[in-house]
Number of protein chains: 2
Amino acid sequence: MRIDWVPEPEPGPGTVKIAVEWCGICGTDLHEYFDGPIFCPAPGKSHPLTGASLPVVLGHEFVGTVHSVGEGVRRIRLGDRVVVEPRRSCGQCAACTSGRYNCCPRAATIGLQGGGGGLAQYIVVDEDLVFQIGDLSAEVGALIEPLAVAHHAIGQGPRPQGATAVVFGGGPIGLLVVWMLKAMGASTVCLVEPSEARRSRAGRLGADHALDPTAYPSTERMLEYAGLSDVDVAFECAGVEAALQGCLIAVRPGGTVVNVAISGRPLSLDLTPLLLKEIHLVGTICYANDHQPVIDLLRRYALPVETLVTKRIGLDQLVTAGFRALASGDENHVKILVSPTMTQPESE
Amino acid sequence: MRIDWVPEPEPGPGTVKIAVEWCGICGTDLHEYFDGPIFCPAPGKSHPLTGASLPVVLGHEFVGTVHSVGEGVRRIRLGDRVVVEPRRSCGQCAACTSGRYNCCPRAATIGLQGGGGGLAQYIVVDEDLVFQIGDLSAEVGALIEPLAVAHHAIGQGPRPQGATAVVFGGGPIGLLVVWMLKAMGASTVCLVEPSEARRSRAGRLGADHALDPTAYPSTERMLEYAGLSDVDVAFECAGVEAALQGCLIAVRPGGTVVNVAISGRPLSLDLTPLLLKEIHLVGTICYANDHQPVIDLLRRYALPVETLVTKRIGLDQLVTAGFRALASGDENHVKILVSPTMTQPESE
């Protein structure tokens, strides 16, 4: 990864040029840096939809203001604060034509697979991917993309209003799922997370319980102890075997387990509870028509931004104060925001 | 296991005494004999609902005629040919009160966990578990219990009419799922099964394709070759890892995988397709309100009994010509029916 000058993009017909205010660092970005290329197309292997290959501009969790617009753009106006749904799909496959465009096998994520990225001063995107966020703050805006992931995951389960839920894993997505479940009216939400630093944030996000799985002899005992062995829905946001197994133990007969975290390797699972309780285990990927509902929700329920944004840095600090800080296992960080114009960290 | 004289049961109030005509041997019975006790309560460990412990009378796939009825029985009459839904549940737990009585953790299966069994001349059961089958043959009747398992499994997926489906595993349940999918209007049904003997039956049961997974370099290639890599629903009836993985590969975005076979041990699974295609993986156990729909279906669509019933034996031949024949891996057998009155095998 390098910080470099690239040609400034200019808007063509139907596109919008955005001056980026903040861009969040996602776990996916870290994987690309430390273990990649994974989603980024390797040099010579151009992406089937965008034709791009490395180097690409990174960053897909961004917010900014409209700098200029191309011919034919009507809905979006200069100066609007906006976010972007950073995925394009082929529009022709079975997934796309059935409304599941997020499952399109040729889908391309902006900031990973071509089309620019949010870790830059400017980006140009198609108007239909742009959402106005009105008077929501830029920092709230920078969280809308991961909030859309959480919203889509919740939508794979039963109606949250009045539901009981357990969330395994208190990383950024797990914490956002906790907050959103409560904002959407869940009656009881419990976070299961070994890190004390992460558990301590759950209460400020509305969680009714935050449990340390290492403090109990088994997942079964932990859930029984907390009276949580029969919840309506469980979310696997940890990417570890024990968490997915815990979800299967936690839910009631006919309950739903939403698998949010991609583990990327085979998991050893005892599916007996899936059969005996006729559990629905369902996967979730990205978002589809979730950005506007998230924006509407943020207008009604204040997101405790300071609980989630733990550091703000400039682009020149990206690797040291950003990627390496997150990868060091420092659990005091949730989301680090990057400003493409700041040249010194605002806070450490 | 022993063949022995036990006291002849007599019907009390609200119960029905059935003279058994045929009782099928189920894979569960084999597991109890060769590896058990599993479901059968070990001596001294009485079942929480029935109070029974070993020895118990085996057999839960039975058909017979009504011999006599207890006081207050109105619906069932002497001489009726009947089958039994051989499970009782507690009626009080969250599963029972939500209509999922098949998921009751205290449920007891007749013929495994007390309440008599079908591998006997007579059995007495509560009237509400008894279903009249009219003029359906006794042999068709003996298949209604496994057909109810298949019907319930199909009910966990999308509406079968017009659907495309793959069934992994051509044992008795897999073959019955194939037949029932077609009877319920599925447009394309494919059986995946390494045994040629089992595959050969699939066509007679209505399957559009029967594929040998060992003849292809990978499940992906097999499904692609047959144009089956995007079906609406897949059924795992084999109890092996590769089959469940194959189901995840086979279904379309938003498709359903129904896990029918209990493997009883942890499986190593790559759940990446579950996430990227937002698949619903759902478990199924026994049946709940499935017997009457199965009986209604059997009145409309003739079941090719001779494709499924591969042997008829007397009770005195149970171990040698029944259990051992099935456990020997002889794939020419699907369902062996036992007559509690015959004393010599009718056919080999």
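Reader: What makes B:Glu278 buried?

Author: In this predicted model, where local features need pLDDT of at least 70, side-chain atom pairs count only at pLDDT 80 or more, and totals for chains, interfaces and linings use all residues, B:Glu278 has a relative accessible area of 1%. Buried means under 20%, exposed over 50% and partly exposed in between (1.4 Å probe, protein chains only), so B:Glu278 is buried. A:Arg100, with 24%, is therefore partly exposed.

Reader: Why are A:Arg100 and B:Glu278 called a salt bridge?

Author: The closest N and O atoms of A:Arg100 and B:Glu278 are 3.1 Å apart. A salt bridge is a side-chain nitrogen of Lys or Arg within 4 Å of a carboxyl oxygen of Asp or Glu, so the pair qualifies. A:Arg100 lies in the loop between helix H2 (94-97) and strand E5 (108-109) of chain A, and B:Glu278 in the loop between H9 and E14 of chain B, so the pair joins two chains. Helices (H or I, at least four residues) and strands (E, at least two) are DSSP runs, numbered from the N terminus.

Reader: How many salt bridges does the rule find across the interface of chain B and chain A?

Author: Two. A:Glu278 also forms a salt bridge with B:Arg100, again with closest N and O atoms 3.1 Å apart.

Reader: What is the buried area between chain B and chain A?

Author: Buried area is the accessible area (1.4 Å probe) that two parts lose on being put together, summed over both. For chain B and chain A this comes to about 2,800 Å², 60% of it on carbon and sulfur atoms. The contact, meaning heavy atoms within 4.5 Å, takes 36 residues from chain B and 36 residues from chain A.

Reader: How do you know that strand E14 of chain A pairs with E14(B)?

Author: Two strands pair if DSSP finds at least two bridges between them. Three bridges join E14 (residues 280-283) of chain A to E14(B), so the two strands pair, and they run antiparallel. In E14(B), the bridge partner of A:His280 is B:Val282.

Reader: What makes E12(B) mostly covered?

Author: Eight of the nine residues of E12(B) are buried. Strand E11 (residues 231-236) of chain B pairs with E12(B) in the parallel sense over five bridges; B:Val231 has B:Val251 as its bridge partner there.

Author: Residues are numbered from 1 along each chain as its sequence is written, chains are lettered from A and ligands numbered from 1 in the order in which they are written, and side-chain values use heavy atoms, with hydrogens and water left out.
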